[in-house]
Amino acid sequence: MATLAELASLRTNLKESAVDHLLRLTASWSLLSDLSFSDMLLMAKVNEPSNRGGENFVVLGQMRPNNRSTLLNDDLVGTTQRLDAWPLVRDAFESGTRTIGEVTIENVEDVVPVWCVPVRHDGNVVAVLVRLQGPLRGPASLYEQAYLSIFDRLCSMVADATFPYREDDVAGPGMPRVGDGILLLGGRGDVEFSTPNATNALHRLSIYASVEGHTLREMGLRVRVVERSLEFGIPAMEEIDRGQDVAILFHCVPLLDHGIVTGVVVLVRDVSDLRQLNRVVLNKEAAVREVHHRVKNNLQTISSLLRLQARRSDEIETRNALQEAERRVRSIAVVHEVLSREPGEEVVFDEIVRSLVLLVEDTVLALHPVEIVVNGELGTLSTDLATPLAVALAELLTNAVEHAFVDFGGAENDHVGVVTLNLYQEDGNAVAEIRDNGRGLGDDFSLEVPTSLGLSIVRDLVRTQLHGSLEMNNVPYAEGGGTLVRVVVPTTARL
Ligand SMILES: Nc1ncnc2c1ncn2[C@@H]1O[C@H](COP(=O)(O)OP(=O)(O)O)[C@@H](O)[C@H]1O
Ligand SMILES: [Mg+2]
């Protein structure tokens with residue numbers, strides 16, 4: 001579907017500033033439609049060679065009322081309307097004054113009461129605003145009469161080129177609607193009437209007395225934009241808050257008559273629930289962050305307890321076991337540390353890798369001076385995958401540092417121990433290779449029947465939890481020797 005600007009440039013000879021004016025009109029015409037309980041069309045003269053007389057109209061825009069059912073089921077935007085079907089539109093164009101009458105429309109049963117309001121811009125009529133009134137449901141109520149009188153005044157402003165406002169930056173989808181509540185103020189700011197919803201909103205601001213006949217200021221409510229609108233005829237919006245719980249939006253639509261402000265329509269919307277919802281959403285993210293932070297703190301507490309206990313135990317075996325447990329807990333804490341900074345479904349795994357390397361260096365490098373080199377990266381991974389993978393990698397790195405260089409190399413033959421961690425993504429898998437240039441796996445080594453705890457944990461995490469594969473092999477002497485551990489886990493599988 002073509003936009004108003006496209007239709008105008010393709011099918012009319014309207015100037016850019018006129019098109020701008022029409023765009024501003026359609027940004028706020030839901031107000032007109034709702035105040036008059038009517039469908040609206042915006043028509044301009046067609047300027048095409050096939051239409052030599054220049055007499056046909058093109059529909060540039062269409063608006064349906066929010067508070068009534070529509071008369072027009074068809075989408076008329078972009079359609080050409082013949083002059084003889086719309087004599088009142090032509091009259092409005094030619095006379096520059098509002099024309100009122102009836103019209104027959106295709107696919108609509110009865111004749112439709114119609115107002116044709118010339119849209120003036122820079123002294124010329126550039127389009128006609130057509131109001132198509134639906135069937136009346138009995139005599140108009142007091143509010144309906146008030147709405148219609150406001151509509152009438154706004155139509156005069158359209159013809160006078162004072163509506164839409166030049167400086168209206170508050171029109172559009174965010175603006176309050178007629179149904180939210182209306183206060184009609186007279187030229188001196190006294191409330192002429194207040195709809196039930198507007199009265200409710202004022203109650204929430206602790207104004208309970210009847211406001212009619214008084215100014216808002218007299219009722220103890222100071223809304224700066226209302227005062228500004230009354231004084232300068234400028235539209236504006238302001239939110240008034242009462243504590244944490246109440247937020248009311250005031251949108252001022254000044255009414256002008258020959259340049260004089262004769263009143264202000266104040267659309268009033270209670271946005272308290274909306275604001276509260278925003279606060280809840282913001283709080284939720286902070287809460288998730290906080291939870292990760294606390295989990296991390298708790299894990300660190302557990303790891304300190306294990307460390308203390310390890311120091312107190314005299315048996316070397318017990319002490320080692322406790323130290324290993326401490327390291328495992330810390331490798332889980334690393335993941336939560338990263339999540340407490342950036343909570344979400346995914347986590348930047350490379351930050352975790354950096355911390356893991358520091359952790360391994362911190363715990364085992366004191367025993368064996370070894371160089372740890374990281375190549376490549378895994379990018380972001382889902383948090384379900386990150387924690388088990390981090391624990392497995394910590395375990396494998398520790399093993400390499402701890403076991404590969406025992407009784408091997410050393411100062412006498414200048415062997416430098418290097419552990420390399422290669423990381424990359426391949427065919428939907430995260431691949432991690434841990435390689436060392438140490439003594440290699442012993443002849444009796446078997447990954448399939450490990451009795452030791454470390455590799456049992458790794459096997460369980462990689463194969464069972466992550467549905468991945470784990471291999472450990474000796475690297476031939478000609479290729480540098482040592483051990484290569486390959487971990488491949490699918491990144492897309494649901495855990
Ligand atoms: N990179 C490696 N180089 C040489 N041997 C290794 C390597 N990784 C593991 N091993 C051997 O596998 C054994 C089992 O490891 P693991 O299950 O982690 O138990 P632990 O580390 O407590 O000994 C180790 O004791 C070691 O003999
Ligand atoms: Mg181990």
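**A tour from the cores to the ligand**

Start in the largest nonpolar core of this predicted model. Select Met43, Val119, Val128, Val130 and Val266: of the 75 residues in this core, these touch the most other members. Now colour the two domains, 4-160 for domain 1 and 178-270 for domain 2. Both give residues to the core, so it lies between them.

Next, centre the view on Val266. Which residues is Val266 in contact with, leaving aside its neighbours within four places in sequence? Select Ile182, Leu183 and Leu185, then Val226, and finally Phe250, His251 and Cys252.

Now move to ligand 1. Around this ligand there are 14 residues, of which Asn399, His403, Ser452, Gly454 and Leu455 come nearest. Show helix 11 (383-403) and helix 12 (453-465) as well: each supplies at least two residues of the shell. Which helix gives the most to that shell? Helix 11 does, with 4 residues. Colour the shell by class and you will find 6 nonpolar, 6 polar and 2 charged residues.

For a last stop, select Glu218, in the loop between helix 6 (196-204) and helix 7 (224-232). Is Glu218 buried or partly exposed? Glu218 has 13 other C-beta atoms within 10 Å, and a residue counts as buried with 20 or more and as exposed with 12 or fewer, so Glu218 is partly exposed.

Terms used: Residues are numbered from 1 along each chain as its sequence is written. Chains are lettered from A and ligands numbered from 1 in the order in which they are written. This is a predicted model: local features need pLDDT of at least 70, side-chain atom pairs count only at pLDDT 80 or more; totals for chains, interfaces and linings use all residues. A nonpolar core is a set of buried Ala, Val, Leu, Ile, Met, Phe, Trp, Tyr and Cys residues joined through C-beta atoms within 7 Å. Domain bounds come from an automatic or database domain assignment. Two residues are in contact if their C-beta atoms, placed from the backbone, lie within 7 Å. A residue is near a molecule or strand if its C-beta atom, placed from the backbone, lies within 6 Å of it. Ala, Val, Leu, Ile, Met, Phe, Trp, Tyr, Cys and Pro count as nonpolar, Asp, Glu, Lys and Arg as charged, and the others, Gly among them, as polar.
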